[in-house]
Amino acid sequence: MTEQPYIEFRKVSKVFGSLTVVDHLDLTINKGEFVSLLGPSGSGKTTLLMMLAGFEDPTAGDILLGGSVLNRTPPYKRNMGVVFQNYALFPHLSVAENIAFPLKRRGVAKAEIAERVNRVLEMVQLPDQSEKLPSQLSGGQQQRVALARTLVFEPNVVLMDEPLGALDKNLREQMQYDIRRLHRDLGLTIVFVTHDQSEALTMSDRIAVFNHGKIEQIGTPQDIYDRPNTHFVAEFIGETNLIPVKYREGDHSRCSVTTKTGKDLEVTSPVTLFRGTEVLLSLRPEHIELGDSAEGLENAMPARISDVVYQGDHLRADIEVDGTKLVARLGRHLPPHDPGDEVFIGFRPQNARVILP
Amino acid sequence: MTARLGPHLKASALVLPLVLFLALFFVWPIIAMLKQSVSDPVVHNTLSQTSAIAAQWNGKAPVPAALQDALVADIRATTDRQEMGAVVRRLNSAKSGFRTLMRKTRRAIRKTDGPINLGEVDKRWNEVAWWHTIAQASSPYTDRYLLAALDYGRDKHNQIVALPEDASANRTILARTFVISLSVMLSCLAIGLPFAMVIASTSGWLRNVLLAAVLLPLWTSLLVRTTAWFIILQNNGLINSALQALGITDQPIPLIFERTGVIIAMTHVLLPFMVLPIYSVLLSMPGNLMQAASSLGAHPIVAFLKVMLPLSARGIASGSLLVFMSSIGYYITPALIGGPSDQMISSVIAFYATESANWGMAGALGLVLLSITLLLYVVYGRLSAEKKGVA
């Protein structure tokens, strides 16, 4: 983190009429980093990307690339590759012509164009398709062509706007892997917009979680998943149980809270709070442990199983604790439980996190 | 078999009204018009015996006596004055002098019931040329209208020759029709293409307003719009007053009864036919292709030339063809707004059809217009088929 940030958003806002889509947003991205902008639709992530590409002008604030302000540079001079969700391939040009398009605009010699087009087609594993028209390719192949067209001119930054949204699940996973590989091999700086949290978790170096035009939290996938700071992030990333509790005592790493039935639990908190503050406890389903007795469980609580569903690689259990319904993700090797069984649940203090409601 | 035929017949019955309508009001008039342009039944029907013998005559002098006798018999048999009048008009239009010749001959025939030597009645009957005219006119079909539509005619040796310049101006008018249509097409393209691109790039209420701006004129009567232009284009009309008020000109620019006015009014009337096809093609394109081109390093002008223009080519082609084909048949606008030297081929057709009742000429010119339109359509079909093969 000692290096100079490559891309920098300084207090950037974008207002459409009476709607503030991006709100005084600060964000820095380092060279070679893979940053995902994750959020629900309308949270401003795509608008931010469009401002970086130059298709939208910020209402206020500055966007910097390599230390110089980019605001007035038109998109065709920014040297940023954009991969669109609908691929935006030119339907009247063949695959090779599509990929050669940015090179021709840059006045690259014919022989070199041919060579670079072939090289990049190998890179995205699409040789022998160069003469076809985009309409003759499958969705996944079109996406690879769009990627090749972006990579071929070695852009400063690759911007991807939900590029895998239109692909089916298997293809999407394959493309996620391929994009990661290209990122690593070519040392690309990638800004990746998505509303799919698992995609963001899989691919990113860092994730910026967007909500209402602001960044709720930014950090590594582990940070975001294991240590959500806000209610929104905890609910948006993965699945979680939110238990209303009161803050009791402790510092910002280890503290204790009281449930509404008066039981004290050892948990972690990102901040120190006043005693009695009403907060939520975020507990991921996979962090709930199950036992026949309280022995060997931290934060043990008596519970009753309402339902167990077989999910292939795991069991999903609905559990009731003091009238609060929780979801637990249990290992399939566990002894079978039936609805109505009285059990004990527990969790480790580092896995439960205090969140302000 | 009947079980299969049943629904088929029912489906056919549904389109029957359409088929009947098209047959009665589209196909039949066209066939009738085509027939008018080549039919020449007057002489054939009235001078039937003469026609039968003339068909066998080799055209060489001397004129066979049988032919002369047949003509006398035919004239004697025709008691209806109107019928004979039509024959005389037909013959006189092919060779002037027939009117007096025929009047003289009929008077002579009426005087006696016996055989008559036509050469004695009038010595013109001794000349082969007059008989040639009768022989040429005696066929029920003729190409004289079609030839005349293109400023051609047949000389006394029955050879196709160009008519003298003062005799007809159809080719000049056809060329003028093409020039005006081409100008209208180009100005529609110059206005329509950017406008269609603007509509396609907008959304919501703005798009509806812009679309309405194109469609609204289409819902107004052509006559009303032309009349409105008639008023606007006057020397002291809206345009000229505005130009003078702004100090752009001192004197009114002549717009009414001028080519410029005709082109302005026709461009306005035909603009929707250019905008709508281009718009629909643009609409089927992903909206962010221009953004993509821009992000790939293309200046907006280059992006337009390399992406937008080739992709809207099909819309431009169909729009241009629609405008061109509509404008070569235009009648009301040039008739009201244009001067005498701006009249298009339709005005000539209207003249023959409504003023001189020369259905043959009207039909022949109509046929020429129809052929040009069909030819253009075939060319367009070829072009768009090739495009489809590539795309």
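## Two domains in chain A

In chain A, the centres of domain 1 and domain 2 sit 39 Å apart, taken over C-alpha atoms. Domain 1 of chain A covers 7–232 and domain 2 of chain A covers 241–355, with bounds that come from an automatic or database domain assignment. Each of the two domains puts 8 residues into the contact, where contact means heavy atoms within 4.5 Å.

Before going on, some ground rules: this is a predicted model, where local features need pLDDT of at least 70 and side-chain atom pairs count only at pLDDT 80 or more, while totals for chains, interfaces and linings use all residues. Residues are numbered from 1 along each chain as its sequence is written, chains are lettered from A and ligands numbered from 1 in the order in which they are written, and side-chain values use heavy atoms, leaving out hydrogens and water.

## What the domains share

Domain 1 and domain 2 of chain A bury about 700 Å² between them, 52% of it on carbon and sulfur atoms. Buried area here is the accessible area (1.4 Å probe) that two parts lose on being put together, summed over both. On the domain 1 side, A:Y225, A:P228 and A:H231 supply 64% of the area buried against domain 2 of chain A, more than any other three residues.

The rule does find 4 residue pairs in polar contact, both at pLDDT 80 or more. A polar contact is a pair of N or O atoms within 3.5 Å; within protein, one must be able to donate a hydrogen and the other to accept it, and residues adjacent in sequence count only if both atoms are side-chain atoms.

## Where chain B meets chain A

Now for the two chains: 20 residues of chain B are in contact with 20 residues of chain A. Together they bury about 1800 Å², and carbon and sulfur atoms give 68% of that. In chain B, the residues that lose the most area to chain A are B:Q291, B:S295 and B:L296, together 34% of what that side buries.

Between chain B and chain A, the count is again simple: 0 salt bridges, plus 5 residue pairs in polar contact, both at pLDDT 80 or more.

Note on methods: Salt bridge = Lys/Arg side-chain N within 4 Å of Asp/Glu carboxyl O.
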